[in-house]
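Here are my notes on the model, point by point. Please read them with the structure open.

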Amino acid sequence: MEGKAVVPRQPRGGDKMKNEAAQAQGKNRQVLRDIGNLETLQVVEGKISRPMTRSYRAQLLANVQVVAEKNKNLVDDGVAATRKGKIVKKAAEPQKKNAKGEKVIVISSDEEENVKEVKGEKELSEKRKPENMVLISHNEEEKVKPVGGQTSVERSSRRKVKTLTSILTARSKIACGITKKPKDLMVNIDAADVNDELAVVEYVDDMYKFYKLTEDESRVQDYMVSQPNINAKMRTILVDWLIEVHNRFELMPETLYLTINIMDRYLSMKKSVSRRELQLVGIGSMLIACKYEEIWAPQVNDFICISDYAYVGYEVLLMEKAILGELGWYLTVPTPYVFLVRYIKASISPDQEMENLVFFLAELGISHYSTIISYCPSMLAAAAVYAARCTLNKSPFWTETLKHHTGYSEEQLKDCAKLLVGFHLAAVESERKLGVYRKFSSPKRGAVALLTPAKDLIISI
């Protein structure tokens, strides 16, 4: 008995206390439940809102969407009415009260966009000018697309309306003669020769600028005062004979103009030339020009024969040497023919009649002494083109393209052109027909010498 441990027995009241402690612990423990199907509303005026079920929430959302749809329709009607020119009052919006009882206007996101659209249309209508306004019918289909964060309206059809101001302004310009006339466009005359290496399109403009700068170096001055044995009329007869020789030998046009240039320069440098030597100077000048320009130049005996054996071969060779020595072998000069080729091309597709008439007038010009000393080669060529256009009634007589390439205006050319037309009229009326007149009266040259001269440009000679 003594070895057994005695465990004191607790009073029966301990089980009771144990149960009470467990119950107290159970009161503090939350009961498991589905916390996702209930929501609580906020406290309003000190009252706790009741739980909200899913069905109740869906019903509230449906009511809000119905109200928003009504407000959207009202705004759309307001936009349509504003575009028609009517004033529409803004529809009453649903009013709500907040916790303090104040009225709150709620606008959905769709309504804000519609209101912005109405405001934008109003600002746009104020900025538009009367002449830029367009009428839009109410039956037009409109599509709104976002462009760069903004909305643009595509209209199926538009019709521009002229305002009274624009109509009156146009009538005033017509009454005052202020109207826009089509300008004469500059034509690229070298466009067709781009692939032609001989045309040297890349350098042709620079070449003719150089020709105009250097033409005064080879231009002759009045030399008849230093030539007591010859006069201007004798020179005209000599040049006319040289034109006939040139035509008989069927030489290149360049040869004739270079012959006249060489002859005039020599006569201006030589102190005195006798009458007998004058024809010899012409023969020597043409012989040099033929050797410079022609592939197959005529022989000395050919010139002796055509001059009816007035000279022998030795005299022709001595004159050739004297001319070259006096000119210093300076033969590369811009003659009127150089400019004629370019200016005829600038006439824009001239026909054969036009080309023949230009050369006829130019050869009449170089035959007369007064033209040679008064006008430079480029002006003589430009005046021949202008006189030919006037004779053939080419409209306009002078174009912007010709003005650009020649560098001369119509007023600058009139005096020289009148002189050329006067020579034409004198050749027609003269009993003794010049060689240049007979040359261009043939069908081979289009008989342009028989044309009626441009009487509006004729002056007394």
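Contact here means heavy atoms within 4.5 Å. The model is predicted.

1. Helix 11 against helix 12: residues. With that cut-off, Pro336, Tyr337, Leu340 and Ile344 in helix 11 meet Glu355, Val358, Phe359, Ala362 and Ile366 in helix 12. By class, this contact has eight nonpolar residues, no polar ones and one charged residue.

2. Helix 11 against helix 12: geometry. Helix 11 covers residues 336-346 and helix 12 covers residues 352-367. Their axes come within 11 Å and cross at roughly 155°. Angles over 145 degrees count as roughly antiparallel, so helix 11 is roughly antiparallel to helix 12. The crossing of helix 11 past helix 12 is right-handed.

3. Helix 11 against helix 7. How do these two axes lie? The axes of helix 7 and helix 11 come within 8 Å and cross at roughly 140°. That makes helix 7 oblique to helix 11. Pro253, Glu254 and Tyr257 in helix 7 meet Pro336, Tyr337 and Leu340 in helix 11. The residues of this contact divide into five nonpolar, no polar and one charged.

4. Rings pair if their centres lie within 6.5 Å. By this rule the count comes to 10 aromatic pairs. In one of them, the rings of tyrosine 208 and phenylalanine 339 have their centres 6.2 Å apart and their planes at 65°, so the pair is edge-to-face. Tyrosine 208 sits in helix 5 (residues 204-214) and phenylalanine 339 in helix 11. The pair links distant parts of the chain, 131 residues apart.

5. Aromatic pairs, phenylalanine 249 to phenylalanine 303. The ring centres of phenylalanine 249 and phenylalanine 303 are 5.6 Å apart, and their planes stand at 90°, so the pair is edge-to-face. Phenylalanine 249 lies in the loop between helix 6 (232-248) and helix 7 (253-269). Phenylalanine 303 belongs to helix 9 (residues 300-306), so the pair ties together parts that are 54 residues apart in sequence. Phenylalanine 249 is partly exposed, with a relative accessible area of 24%. Phenylalanine 303 is buried, at 2%.

6. Aromatic cluster. Which residues group with Tyr208? Tyr208, Tyr211, Phe339 and Tyr343 form one aromatic cluster.

7. Serine 218. This residue is found in the loop between helix 5 and helix 6. Serine 218 is buried, with a relative accessible area of 3%. Not counting residues up to four places away in sequence, serine 218 touches Asn261, Arg265, Val333 and Pro334.

8. Valine 273. Leaving aside neighbours within four places in sequence, valine 273 is in contact with Gln227, Asn229, Ile230, Tyr266, Leu267, Leu278 and Val281. The C-alpha atoms of valine 273 and serine 226 are separated by 9.5 Å, while the two residues are 47 residues apart along the chain.

9. Methionine 186. This residue lies in the loop between helix 4 (164-176) and helix 5. Methionine 186 counts as partly exposed, at 48% relative accessibility. Leaving aside neighbours within four places in sequence, methionine 186 is in contact with Glu400, Thr401 and His404. Methionine 186 and threonine 399 are 213 residues apart in sequence and 8.6 Å apart in space, C-alpha to C-alpha.

10. The chain overall. The chain has 17 helices and four strands. Buried residues make up 33% of its 461 residues. Among contacts with a separation of 6 or more, 69% come from residues 24 or more positions apart.

Notes: Residues are numbered from 1 along each chain as its sequence is written. This is a predicted model: local features need pLDDT of at least 70, side-chain atom pairs count only at pLDDT 80 or more; totals for chains, interfaces and linings use all residues. Side-chain values use heavy atoms; hydrogens and water are left out. Axes are lines fitted to C-alpha atoms, for helices over the stretch in contact, and angles run from 0 to 180 degrees between N-to-C directions. Angles under 35 degrees count as roughly parallel, over 145 as roughly antiparallel, 65 to 115 as roughly perpendicular and the rest as oblique. A crossing is left-handed if the near helix is turned anticlockwise from the far one by less than a right angle, and right-handed if clockwise. Ala, Val, Leu, Ile, Met, Phe, Trp, Tyr, Cys and Pro count as nonpolar, Asp, Glu, Lys and Arg as charged, and the others, Gly among them, as polar. Rings of Phe, Tyr and Trp (its six-membered ring) pair if their centres lie within 6.5 Å; planes under 30 degrees apart count as stacked, over 60 as edge-to-face and the rest as tilted. Buried means under 20% relative accessible area, exposed over 50%, partly exposed in between (1.4 Å probe, protein chains only).
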